[in-house]
Amino acid sequence: MSEIDDQAASGEAASLAPRAPAAVPRVLALANQKGGVGKTTTAINLGTALAAIGETVLIIDLDPQGNASTGLGIERRDRRMSTYDVMCGEVSLRQAALPTAVPRLHIAPSTMDLSGLELELATARDRAYRLRDAVRRLNGDSSLARNESLEFTYVLIDCPPSLNLITVNAMAAANAILVPLQCEFFALEGLSQLLKTVEQVRQTLNPGLSIHGVVLTMFDARNNLSNQVVEDVRQFMGEKVYETIIPRNVRVSEAPSYGKPVLLYDLKCVGSQAYLRLASEIIQRERNLRAATAL
């Protein structure tokens, strides 16, 4: 994680940059260096659930595979401006943001160009803060008339399945990390590595970073291993683990192929209901955090 150490010296000066006068949205990064744990599915459906209860949400797709973009029905030919362009400083986040079929939910799409970003930014002094600075300008930027009346209240960052410069950018930009964790044998091993990275980012780049919570995904009640993983993770992480558990559900797996969140594809399925409960739980935690801060 040399990106973290290299940025520590310049972090103090960068953190003194003035904020835009508009409100800065609440930023949650969905991160886990393991692939196939439900990061993208959780980002899409949590974003949809938050929008459904009145929040104005932007999903930032930072995975070069672009699955969050595809899962929200954004065709590759329509991704004329992407998160790669944002990270390179060519366009603003608001310029890259596209509306989705879900009211109040937008996405800044991804392209394969992101896979070469680390090499392109290798010598840039602000390379770990590119996304943070873009997010801070988000609500103060009226570059496009179709978006100028929007003020985003939540930003969800779908991170790639690795701990590279892109993920470091997401952590430097985030208020908190939301960790999707598959109910499988090596879950805790991967979680320990992620927590070490979060702590390193907190010490060097983003002192306010915290773990918002761990969401257990792909749970199969018939599988003894799944139940054991739930018990182990709750023992290890305590109250940081959300009460809501996302079950294995074929409707959740089918929905992305139709370019829809499962909440639009089949609202009544157990997967949709679980994501609605998760959104409610996250909102309640947010209220508790605000109340504690106000004291």
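I note the conventions here. The model is predicted, so local features need pLDDT of at least 70 and side-chain atom pairs count only at pLDDT 80 or more, while totals for chains, interfaces and linings use all residues. Residues are numbered from 1 along each chain as its sequence is written, and side-chain values use heavy atoms, with hydrogens and water left out.

**Overall fold.** I listed 13 helices and eight strands in the chain; these are DSSP runs numbered from the N terminus, helices being H or I of at least four residues and strands E of at least two. I then looked at contacts, meaning heavy atoms within 4.5 Å. Among those between residues at least 6 apart in sequence, 79% join residues at least 24 apart.

**The sheet.** I traced eight strands in an open sheet of mixed pairing, in the order β3-β4-β2-β5-β1-β6-β7-β8. Two strands pair if DSSP finds at least two bridges between them. At the edges I found β3 (98-99) and β8 (241-247), each of which pairs on one side only. Four bridges link β2 (residues 57-61) to β4 (residues 105-108) in the parallel sense, and I59 stands opposite I107 of β4.

**Strand β6.** I examined β6 (176-182) for burial and found seven of its seven residues buried. One side carries A176, L178, P180 and Q182, the other I177, V179 and L181, and both faces are covered. On the pairing of β6, I recorded three parallel bridges with β1, where L30 has L178 as its bridge partner. With β7, which runs parallel to β6, I recorded seven bridges; I177 is partnered there by I211.

I took angles from 0 to 180 degrees between N-to-C directions, the axes being lines fitted to C-alpha atoms, for helices over the stretch in contact. Helix α10 (residues 224-237) lies across β6, β7 (210-219) and β8, at about 170° to β7. Helix α13 (residues 270-294) also packs on the sheet, touching β1 (26-30), β5 (154-158), β6, β7 and β8, and its direction makes about 165° with that of β8.

**N223.** I located N223 in the loop between β7 and α10. Its relative accessibility is 33%, so N223 counts as partly exposed.

**Aromatic pair.** I found one aromatic pair in the structure. The ring centres of Y258 and Y265 are 5.0 Å apart and their planes are at 25°, so the pair is stacked. Rings of Phe, Tyr and Trp (its six-membered ring) pair if their centres lie within 6.5 Å; planes under 30 degrees apart count as stacked, over 60 as edge-to-face and the rest as tilted. I also noted that Y258 is exposed, at 54% relative accessible area.

Key:
Buried means under 20% relative accessible area, exposed over 50%, partly exposed in between (1.4 Å probe, protein chains only).
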